[in-house]
Amino acid sequence: MARPAIVGASVDLARHARLLSDIRDAVLSGQRPPRPPRPLVARSWERLCAHGISPDDCARSNPVSLSEVENRRSRSDLRKVLPELRAVLGTAAASADFVVVIADNDGIVLWRDGAQAVRRTADQLGFVEGASWAENEVGTNAIGTALLENTGITLFSAEHYALRQHSWYCIGEPVRDPRNGDILGVIDISGPALTLHPSTAGLAHSAARLAEAALWRLHRENLDRLCEQSAALLANTTRALVVDDQGWVACARGVENPRRIAAPSPGTAVFVPGLGLTVPEPLDHGWILRPHRVDDAHVELELDLGDAPRATIRGEVTWTRGLSPRHAQILRMLAQNDGHGVTATDLSIALYGNAEHTVAIRSEISRLRKRLGAIITGQPYRFSDQVVVRVLTGLDRAD
């Protein structure tokens, strides 16, 4: 559902801009404003003030090099849906009083389209390809602030922290990876403040959802194609997985589909429940994983949680990975509760002292799985049935 317009059709834009200017001046000078700024805007101003960044410090950022722009474009998944986005937004931008910008998840502008006159105004603001529009670089804006707030936003006139941006409006809508929810970048529509139309925010919102749908379709098509290409290799295999380069499962044979495993790499063993330790075999844009001994899928996880924590997996292949202190804490709790497992809430309370960090816990578990493979199942989180866990004691280390 598209977000409601911040500025309605009946609002006098010039009068509203003056009100916002009075609010900003009062807040930044420590006076009582005519009315409070919107919470999202207030949080942004507070962050900037807390970091000692004044409105005068928000000058144009120095753009990265053209080669760095090209490098970022080549790495961005948004390049895959650029034709669809330009089909929806490019024509509108060319004939309207706004520019369309696509930035990556660092706030670096990768692509920009729009009418020539508005592009010239954007140039004067430093709103150019390669420029960083992170909040701490140019103040409150719909790219950097949307990234920090993890939501779509519309900013009008003096809601911008920097005075030089008050003649501008900007609408930012994050585009998320439909596979895992990570933000890939931001679609931004910006133009002269007094040309803002209530429907423009809906255009940005629709474009972002279109991009996410197109990315999901491409993901499914790639997995289906990989599964078709590997059919001959799976013909005489009783248990195997076929995954893409990021570890997303295209098809499973004789084993429960885990949806995703740790991203394979050449020569690095990957543990998969039901298969045990496997050495990935390369395919075209993917991998096939199958056990070397189909009669034994169990492995041993040896945990040294001392001063230099590390995990060793022993099976067909033995390998060791260093552990961060946080990951060592999580594995210790899992080992202590191996019978019934622990929830994200349990881990949040144990590691942070309260139950308010379950999102951070899930992120840590995801990173741990990428580091060690799919040794943890959940929820509740616990070691896979195929994993035999041994925690080293001080005596073991002395040996």
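Two strands count as paired if DSSP finds at least two bridges between them; strands (E, at least two residues) and helices (H or I, at least four) are DSSP runs, numbered from the N terminus. This is a predicted model, where local features need pLDDT of at least 70, side-chain atom pairs count only at pLDDT 80 or more, and totals for chains, interfaces and linings use all residues. Residues are numbered from 1 along each chain as its sequence is written, and side-chain values use heavy atoms, with hydrogens and water left out.

**View A. Strands β6 and β7 run antiparallel.**
Four bridges link β6 (residues 240-244) to β7. Look for A240, which sits opposite R253 in β7.

**View B. Zoom out and you get an open sheet of four strands.**
The order is β7-β6-β11-β10, with antiparallel pairing. At the edges are β7 (249-253) and β10 (281-283), each pairing on one side only.

**View C. Two cysteines, C49 and C251.**
With a disulfide taken as a pair of cysteine sulfur atoms within 2.5 Å, the count is zero. For C49, the nearest cysteine sulfur belongs to C58, 9.8 Å away. C49 is partly exposed at 42% relative accessible area, while C251 is buried at 12% (buried is under 20%, exposed over 50%, partly exposed in between; 1.4 Å probe, protein chains only).

**View D. The buried face of helix α11 (residues 344-352).**
A344, L347, S348 and L351 are its buried residues. Down the axis of α11 they fall within an arc of 100°, so they line one face; the arc is that of the directions from the helix axis to the C-beta atoms. They pack against α10 (325-336) and α12 (358-372), contact meaning heavy atoms within 4.5 Å.
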